[in-house]
Every structure is written in structure tokens, then in C-alpha cells.
Amino acid sequence: MKAVQIVNPSEMKVVELEKPTVGAGEVLVRIKYVGFCGSDLNTFLGKNPMVKLPVIPGHEVGAVIEEIGSGVPAGFEKGMNVTLNPYTNCGKCASCRNGRVNACEHNETLGVQRNGVMCEYAVLPWTKIIPADNISSRDCALIEPMSVGFHAVSRAQVIDNEFVMVIGCGMIGIGAIVRAALRGATVIAVDLDDEKLELAKKVGASYVVNSKTENVHERIQEITEGFGADVVIEAVGSPVTYVMAVDEVGFTGRVVCIGYAKSEVAFQTKLFVQKELDIRGSRNALPADFRAVINYMKEGNCPVEELISKIAKPEGALEAMQEWTANPGKVFRILVEF
């Protein structure tokens with residue numbers, strides 16, 4: 001079968017691999033679309049310390065069930081459109097013991113700590129197969145990244161009378177905006193790019209702030225009548241936006257961090273105490289978050305055409321990644337079609 005492999009930094013090629021066979025308790029899926037994630041971009045750039053090259057990237061998946069192994073329970077049918085839960089959990093660490101399997105200490109995400117599924121076929125345990133009938137296999141590839149944003153809103157415990165500031169309007173930030181709006185919150189979207197901010201308005205943001213051209217603090221104070229945001233979700237992973245999150249959250253507010261800052265961040269830690277903040281990490285997503293995204297997408301309100309920046313064939317994956325590298329701020333999702 002055909003697969004895309006990152007061989008070395010800035011080097012990607014199409015390779016031939018043996019088609020996997022299904023075993024007991026497993027499902028063989030025919031991969032239709034796979035999205036390039038930010039972790040794949042960092043791998044391509046040689047900046048992902050969790051990856052050992054060469055590696056097959058890919059964990060944002062739209063697939064079709066091809067074959068079902070013995071012992072798989074009812075509810076899975078050949079030809080069914082599905083997406084995949086790309087995370088593992090050991091069942092023994094503190095996170096797993098507390099029921100937060102998305103944050104397993106020993107997690108191995110497809111395409112990061114283990115080979116991903118940017119290939120024609122894949123076999124996974126049935127527990128990692130998520131049915132998504134009535135959603136096209138192409139659009140299924142958008143479910144996982146949006147679920148990460150959905151999970152951050154769940155971690156923030158957002159309710160309907162709150163101001164929620166989302167910093168970063170990429171795919172994950174868009175997911176956070178959608179779910180916060182669905183919960184009835186007033187969402188303030190912050191980004192450097194006006195096109196992304198326009199899309200943020202389409203998916204539920206009541207206010208948008210361009211942090212490149214506007215004074216963020218003044219705008220947040222104006223919008224919230226001087227109280228600051230009740231919740232700030234950081235979906236960029238930059239020292240500047242981490243500091244912004246702590247500065248702009250109101251007293252007794254919650255800050256939820258999704259992005260990984262690539263360098264140390266210097267905080268005025270007195271604000272942690274003075275504001276009595278809850279600062280929470282948000283990692284990956286739970287099955288309930290996947291189901292929530294699927295329910296949202298089934299309603300037909302998701303602007304999927306605007307979220308897909310480019311569709312490439314495997315042979316064009318290198319060129320597509322090079323385009324993303326040259327202009328990362330303008331890309332939502334690049335899909336590879338098999």
C-alpha cells in the first residue's frame with residue numbers, strides 16, 4: 001500500500017508498505033483523507049522532540065470500514081464512514097486512574113510517538129473507531145482537531161453568562177469558539193489575521209480583536225466593561241499569548257492552555273495570586289468531545305469548505321507541506337487524499 005513518510009527534516013516521500021491484516025477485536029479501515037497537524041509541521045521542520053524519524057505522519061482521519069475482525073461488537077458495518085481516536089492510554093498511570101485517559105502519562109499519538117495513518121489502510125482496535133455516518137469521509141478528517149478545541153472548553157467549564165476569550169483562530173481555536181458559543185457564552189476571538197477573524201465570527205464569535213492592529217487590553221476592557229474575560233483559552237503556544245492570557249483574564253477567572261510554548265515564558269506570578277486564577281492544561285480530547293463535534297457537524301452549520309485550505313494527493317504532500325511552511329498563518333487544514 002502507498003504511504004507518506006517524513007524521512008528527515010524537510011524530506012518527505014511516498015513509500016510502499018505491506019497492507020495490514022485485521023485481527024480479533026480489530027477493524028481494518030480504508031483511509032480516504034488525512035489532515036496535516038501542527039505536530040506534523042514541527043516534525044517536518046525537525047522541531048518535534050517526541051518523534052523519531054523516519055515516521056508516517058497523520059492522525060486527523062476520514063476513513064471507511066473495510067473489514068471487521070472477530071469479537072468486534074455490533075454497531076460497526078462495512079462501508080461506514082468513521083474517524084479515529086488517535087491516542088493510546090495505559091490504564092495504570094495517575095491520569096488513567098482518574099478517568100482522564102486523554103492525558104495518559106504514556107500516551108502515544110498516531111504520527112507522533114508511533115507511526116500515523118497517512119497511508120491507504122490501517123488496522124486499529126475497535127475501541128478507537130468512531131462512527132460518523134452522515135458526515136463525508138473528507139469532513140471526518142476535521143473532527144479530531146476540532147475536538148481538541150471542544151475539550152478545552154469542557155476543561156474551562158464554560159457556562160452561558162461568561163465572556164470567553166479565545167487566543168488563536170486556527171483549527172483548534174475555531175473548535176473552542178464553536179463549543180463556547182454553543183454553550184451560550186459570549187466569545188471574543190483574538191488573532192493576527194483578519195480572514196481568520198471573519199471565520200471566527202461565522203462560527204460564533206461575538207467580538208473579534210486583531211492583536212496586530214488593535215490594543216488588546218483596551219478592547220477586552222471595553223467589551224467586558226472593565227471586568228476582563230471570565231475564561232481565556234490559549235490556542236497558539238507562544239510566550240506572548242501565554243502572558244496575554246494571564247493579563248486579560250478577570251479576577252477569579254480560568255485560563256486554559258492548549259498550545260505548547262517553544263521557549264520559556266516569564267510571568268508576573270503575583271497575578272496568579274491576586275486574581276486567584278485557575279490555570280489549567282488541556283490535552284487531546286475525550287470520546288465525548290469527538291461525539292460533540294460529530295453532533296455539531298451533522299447540523300450542517302460548520303463552514304467546512306473554508307476550513308480546508310488545500311487537498312493534495314500523496315505525491316503532492318511534500319509540495320503542500322512546503323507551502324504551509326512558507327505561510328503558516330494562512331493555513332487551516334491541508335488534507336491528503338488517498
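Modeller: What follows is a chat about helix packing, the nonpolar core and a loop residue in this predicted model.

Biologist: Let's start with H4 and H5. At what angle do they pack, and how far apart are their axes?
Modeller: H4, residues 143-156, packs against H5, residues 171-182, at an angle of about 50°. Their axes are 7 Å apart. That angle makes H4 oblique to H5.

Biologist: And which hand does the crossing of H4 and H5 have, left or right?
Modeller: H4 passes H5 in a right-handed crossing.

Biologist: Which residues meet there?
Modeller: On the H4 side they include Pro 145, Met 146, Val 148 and Phe 150. Among those on the H5 side are Met 171, Ile 172, Val 178, Arg 179 and Leu 182. By class, the residues of this contact divide into 11 nonpolar, four polar and one charged.

Biologist: Nice. Now H4 and H10, what's the geometry there?
Modeller: H4 and H10 pack at an angle of about 115°, and their axes are 8 Å apart. Angles of 65 to 115 degrees count as roughly perpendicular, so H4 is roughly perpendicular to H10. The crossing of H4 and H10 is right-handed.

Biologist: Who's in that contact?
Modeller: From H4, the residues include Ile 143, Glu 144, Met 146, Phe 150 and His 151. H10 brings Asp 289, Phe 290, Val 293, Tyr 296 and Met 297, among others. The contact of H4 with H10 has nine nonpolar, three polar and two charged residues.

Biologist: Switching to the largest nonpolar core: how many residues does it have, and which touch the most other members?
Modeller: The core has 51 residues. Those touching the most other members are Ile 143, Met 146, Ile 174, Ile 177, Ile 233, Met 297 and Leu 307.

Biologist: Which elements give two or more residues to this core?
Modeller: The helices are H4, H5, H6 (194-202), H10 (287-298) and H11 (304-307). The strands are S8 (163-167), S9 (186-191) and S11 (229-234).

Biologist: Which one gives the most?
Modeller: H4 does, with seven residues.

Biologist: Last topic, Asn 327. Where is it found?
Modeller: Asn 327 is in the loop between helix H12 (317-326) and strand S15 (333-337).

Note on methods
Residues are numbered from 1 along each chain as its sequence is written. This is a predicted model: local features need pLDDT of at least 70, side-chain atom pairs count only at pLDDT 80 or more; totals for chains, interfaces and linings use all residues. Side-chain values use heavy atoms; hydrogens and water are left out. Axes are lines fitted to C-alpha atoms, for helices over the stretch in contact, and angles run from 0 to 180 degrees between N-to-C directions. Helices (H or I, at least four residues) and strands (E, at least two) are DSSP runs, numbered from the N terminus. Angles under 35 degrees count as roughly parallel, over 145 as roughly antiparallel, 65 to 115 as roughly perpendicular and the rest as oblique. A crossing is left-handed if the near helix is turned anticlockwise from the far one by less than a right angle, and right-handed if clockwise. Contact means heavy atoms within 4.5 Å. Ala, Val, Leu, Ile, Met, Phe, Trp, Tyr, Cys and Pro count as nonpolar, Asp, Glu, Lys and Arg as charged, and the others, Gly among them, as polar. A nonpolar core is a set of buried Ala, Val, Leu, Ile, Met, Phe, Trp, Tyr and Cys residues joined through side-chain atoms within 4.5 Å. Buried means under 20% relative accessible area, exposed over 50%, partly exposed in between (1.4 Å probe, protein chains only).
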